[in-house]
Amino acid sequence: MSGESDCTRTSPSAGSPSDNELLPERPKYVCTLSPDLVTKAREELQEKPEWRLRDVQALRDMVCKDYPSLGTCLDDAFLLRFLRARKFDYDRALQLLVNYHTCRRTWPEVFSNLKPSAIKPVLESGFVTVLPHRDPQGRHVVCIRPDRWTPSNYPITENIRAIYLTLEKLIQSEETQVNGIVILADYKGVSLSKASHFGPFVAKKVIGILQDGFPIRIKAVNIINEPRIFKGIFAIIKPFLKEKIANRFFLHGCDLNSLHQNIPPVILPEEYGGTAGKLDISAWNELLLASEEDFLHDFSELVLPCDSSPHDLLVSGDADEKQCDDSLRGMKPQLYYCY
C-alpha cells in the first residue's frame, strides 16, 4: 500500500523542472507471475503482457482526469489489482477503485487506525486465519470462525477490520490477484444473539465492500456447520448478492464429504476432516502482524471525491435500496422463526 497519490507526478506542470526533480520515482513494475499464470491471466482476465503498462497508464490518466482528489496510490502494481479484478475493463476498474476509497472513507468505525496491531485480539481469538496451503487452483483459503468471537469483548466491527486486513495482505500477491481466494466459514455454535449483531447496516456495508469495493476475486464461499438460523440470514441477503457471487455459496451443513468436494482434505486441518494437521493460527498471525508497515496509511484521512455520492458507490446499482431496507427490517422475526 505504498506509493504516491499525487496526480501531478503523471501530469507535471510545464516549466517547473526543479519541482519535478524533487518528486520520487514511481516504483517500476516487475511481473512476478509464472508463465502458467501469465497464460491464465490472458485467458481469464484479458490481460495482455505486451499491453499491461499501457492499460495501467490509461487507468492512471482516467483517475487524474475524473478524480484528481481521490488520494489514491498510482503505482503500476497497485492499479493492476483493480484492472485484474475487472478483467481490464477501464471503466469498471475505475469505478472499483473509487468504491474502494469511498468505502474506507465512509465507515470510520472500521477503517480508522486500521493496522494489524490494532486487531491483535481478533487474530489471537482465531476468528479469521488463512490456511497454510493453497488449493489445487492456487487459491488461498480464508477460514472464518464466528464462534471464536465473544461479543462482550469487542464489537463486530473489529472482526470486519481483521477480515479486511487479511484480504489486503493476500491481494498484495499477484498470484492471488489472478487466482482469487476461497472462503471457508464455520458457523458451529453461532447463536441467535450472536447472529443479531450482523444487522441491516453491517450487512449492507459488508456486501457492498466485498462485491463492489475491493479488488479481489472470491471464487467460492463454503459454509459448514451452519445452524438453521443461517438459512434465514442467507435467504434475506441473497437477493442483494450478484447472481455470480450467490452461485458461489455452498452450504454443506455437517457433511464433510460435501466440503471435500470443494476443498480437498490434503489442505484442510483435522478439524474439517483434513490431513494437514491441527489448525494453526500462529503462522498467519505472525505474518500479518509483521506487516505493520504495509498498513501505516491512515484510511480515515482519504479524500472523498466531491462529485460522488457515498451511497451510490457503496451499494450495488442492482439492488434497490428501499427493497433492501424493507427486507432487512424483517430479519429479526425471520431469524426467530428459523431458530
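Q: What is meant by the axis of a helix in this predicted model?
A: The model is a predicted one. Two packed helices are described by the angle between their axes and the distance between the axes. Each axis is a line fitted to C-alpha atoms, for helices over the stretch in contact.

Q: How many helices and how many strands are there in the protein chain?
A: The protein chain has 339 residues, of which 51% count as buried. Its secondary structure consists of 18 helices and five strands.

Q: What share of the contacts in the protein chain with a separation of 6 or more joins residues 24 or more positions apart?
A: Contact here means heavy atoms within 4.5 Å. Among contacts with a separation of 6 or more, the share from residues 24 or more positions apart is 78%.

Q: What length does helix α8 reach from its first C-alpha to its last?
A: Helix α8 covers residues 156–171 and has 16 residues. At 1.5 Å a residue, a span of 22 Å is expected. The span in the model is close to that value, at 23 Å.

Q: How many residues of α8 are buried?
A: A residue counts as buried when its relative accessible area is under 20%. By that criterion α8 is mostly covered, and of its 16 residues the number buried is 15.

Q: Is α8 roughly parallel or roughly perpendicular to α15?
A: Helix α15 comprises residues 282–289, and its axis lies 11 Å from that of α8. The two helices pack at an angle of about 80°. Angles of 65 to 115 degrees count as roughly perpendicular. Therefore α8 stands to α15 as roughly perpendicular.

Q: How do the residues of the contact of α8 with α15 divide into nonpolar, polar and charged?
A: On the α8 side, the contact is made by L165, T166, K169 and L170. On the α15 side, W284, L287 and L288 take part. By class, the residues of this contact are five nonpolar, one polar and one charged.

Q: Is α8 roughly parallel or roughly antiparallel to α11?
A: Helix α11 spans residues 200–212, and its axis is 12 Å from that of α8. The angle between the two helices is about 5°. Angles under 35 degrees count as roughly parallel. Therefore the relation of α8 to α11 is roughly parallel.

Q: Which residues of α11 meet α8, and how many residues of the contact are nonpolar?
A: From α8, the residues I156, I160, Y164 and L167 take part. They meet V202, V206, I209 and L210 in α11. The contact has no polar and no charged residues, and its nonpolar residues number eight.

Q: Which residues does T176 contact, leaving aside its neighbours within four places in sequence?
A: T176 belongs to helix α9, which runs over residues 174–179. Its relative accessible area is 0%, so T176 is buried. Leaving aside those neighbours, the residues in contact with T176 are R134, H140, L170, I171, I181 and I216.

Q: Which helices are included in what covers the buried residues of α4?
A: Nine of the 10 residues of α4 are buried, and the helix is thus mostly covered. The buried residues include D76, F78 and R81. The cover over the buried residues includes α2, α3, α5, α8 and α9.

Q: What is the phi of K87?
A: K87 follows α4 and lies in the loop between α4 and α5. The residue is partly exposed, with a relative accessible area of 40%. Its phi is positive although the residue is other than glycine, with a value near 50°.

Q: What is the phi of Q46?
A: Q46 is placed in the loop between α2 and α3. Its relative accessibility of 40% makes it partly exposed. Q46 is a residue other than glycine with a positive phi, near 65°.

Q: How far apart in space are S69 and C7, C-alpha to C-alpha?
A: S69 is found in the loop between α3 and α4. At 34% relative accessibility, it counts as partly exposed. S69 and C7 are 62 residues apart in sequence, and their distance in space, C-alpha to C-alpha, is 8.4 Å.

Q: How many disulfides does the structure hold?
A: A disulfide is a covalent bond between the sulfur atoms of two cysteines. To count as one, a pair of cysteine sulfur atoms must lie within 2.5 Å. The number of disulfides in the structure is zero.

Q: Is C254 buried or exposed?
A: C103 has a relative accessible area of 2% and is buried. A residue over 50% counts as exposed. C254 has a relative accessibility of 65%, so C254 is exposed.

Key:
Residues numbered from 1 in each chain as written. Predicted model: local features only at pLDDT ≥ 70, side-chain atom pairs only at ≥ 80, totals over all residues. Heavy atoms only, no water. Axes fitted to C-alpha atoms, helices over the stretch in contact; angles between N-to-C directions. Helix = DSSP H or I, 4+ residues; strand = E, 2+ residues; numbered from the N terminus. Parallel < 35°, antiparallel > 145°, perpendicular 65-115°, else oblique. Nonpolar A, V, L, I, M, F, W, Y, C, P; charged D, E, K, R; others polar. Expected span 1.5 Å × (residues − 1). Buried < 20%, exposed > 50% of the residue type's maximum accessible area, 1.4 Å probe, protein only.
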